[in-house]
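This briefing concerns selected local features of one structure. Please consult the sequence and the model shown below while reading.

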Amino acid sequence: MDERQLRILRELGDLGSVTAVAEALLVTPSAISQQLRLLQRAIPVPLTERQGRRLVLTDAGQALAGAAIEVETALERARHTVAEFVDRPDGEVSVAAFHSAGSAFFPLLLRGLAASGGPRLALADEDVAQDDFPPLTREYDLVLAHRLEHAPPWPRTVTATTLLREPLDVAMPAGHPLAAKRRLVPRDVADEPWITVHDGFPLMATIEAIATAAGRRLHLAHRINEFAVVAEAVAAGGGVALMPRWTTRPHPALVLKPLSGVQARRHIDALHRPERTARRAVRTVLAELHRAAGTIRGRG
């Protein structure tokens, strides 16, 4: 049995005929009769009987119609509860981000939503391979993910909103011979030792593109994902590295140089399951993420 069938039974008890129920519910009499037959199959005793030309409820039918009132009341209460939850401005919103995005966005989110009455944030860091970002939307309302500009789009199971299209620059010590150049090309850096991310993470595709454009294999000296650690390793002379222009903190001992000849740019996207933005609190946080992205871009 389902809610619709129970409502039909209740209306039949009040109105006394299939035709009257059909008119009240704006459907055909045959549709009402079909639903009554389906309901009867689930019940081991008769629910209706004929009294002359009228179809009336048996004692069992009246008992079930009475229970239907309780069911409708409970369902209406549940709908009201859900509507309140969806429209609450101060609901909890969980946000996950990879490390450099978290470092850049989380402080701005916390300050921007600090006023009382707004969404309550639950923040988490998730440094995963590119293919593992979409599954995180099962656990979090919003997931900040990154992919290279020419990479395939995110799967259709998630909704993606681009917050930043961020250039990737070559980081080197301020005293490095290449630091005097305004812009670099792949052959300038092909013979340098490289500090780069682990396999499966988005920046590796750009490293491979640099090697292809330079026509030689790069020496990958160190594998470090966390850009704050990368910056210290570059400053200590461990090699050069690709670093995001806007979302990493400036290091006094480093310079960043733009790179021509390859597509060196990444998208920072907010991923979520489509139903999540039915909640007012989630929409508020997403809007605040866009404002934060404008602030981050302006700093650059």
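The side chain of histidine 146 makes a polar contact with the side chain of arginine 266, at 3.1 Å; a polar contact is a pair of N or O atoms within 3.5 Å, where, within protein, one must be able to donate a hydrogen and the other to accept it, and residues adjacent in sequence count only if both atoms are side-chain atoms. The model is predicted: local features need pLDDT of at least 70, side-chain atom pairs count only at pLDDT 80 or more, and totals for chains, interfaces and linings use all residues. Residues are numbered from 1 along each chain as its sequence is written, and side-chain values use heavy atoms, with hydrogens and water left out.

- Histidine 146 belongs to strand S5 (residues 142-148); strands (E, at least two residues) and helices (H or I, at least four) are DSSP runs, numbered from the N terminus.
- Because its relative accessibility is 6%, histidine 146 counts as buried (under 20% relative accessible area, with a 1.4 Å probe and protein chains only).
- Apart from neighbours within four places in sequence, the residues in contact with histidine 146 are Phe98, Gln130, Phe133, Trp154, Pro202, Arg266 and His267; contact means heavy atoms within 4.5 Å.

**Helix H1**

- Helix H1 (residues 3-15) comprises 13 residues and reaches 18 Å from its first C-alpha to its last, close to the 18 Å expected at 1.5 Å a residue (1.5 Å times one less than the number of residues).
- At the N-terminal end, H1 is capped by aspartate 2, of which a side-chain oxygen lies 3.2 Å from the backbone nitrogen of arginine 4.
- Glycine 16 follows H1 and has a positive phi, near 85°.
- The buried residues in H1 are Gln5, Leu6, Ile8, Leu9, Glu11 and Leu12. Their cover includes helix H2 (18-25), helix H3 (29-41), strand S1 (48-51), strand S2 (54-57) and helix H4 (59-87).

**Packing of H1 with H3**

- H1 and H3 pack at about 110°, with axes 9 Å apart; axes are lines fitted to C-alpha atoms, for helices over the stretch in contact, and angles run from 0 to 180 degrees between N-to-C directions.
- The two helices, H1 and H3, are therefore roughly perpendicular (65 to 115 degrees).
- Arg4, Gln5, Ile8, Leu9 and Leu12 of H1 meet Ile32, Gln35, Leu36, Leu38 and Leu39 of H3 in this contact.

Notes: Buried means under 20% relative accessible area, exposed over 50%, partly exposed in between (1.4 Å probe, protein chains only). Angles under 35 degrees count as roughly parallel, over 145 as roughly antiparallel, 65 to 115 as roughly perpendicular and the rest as oblique.
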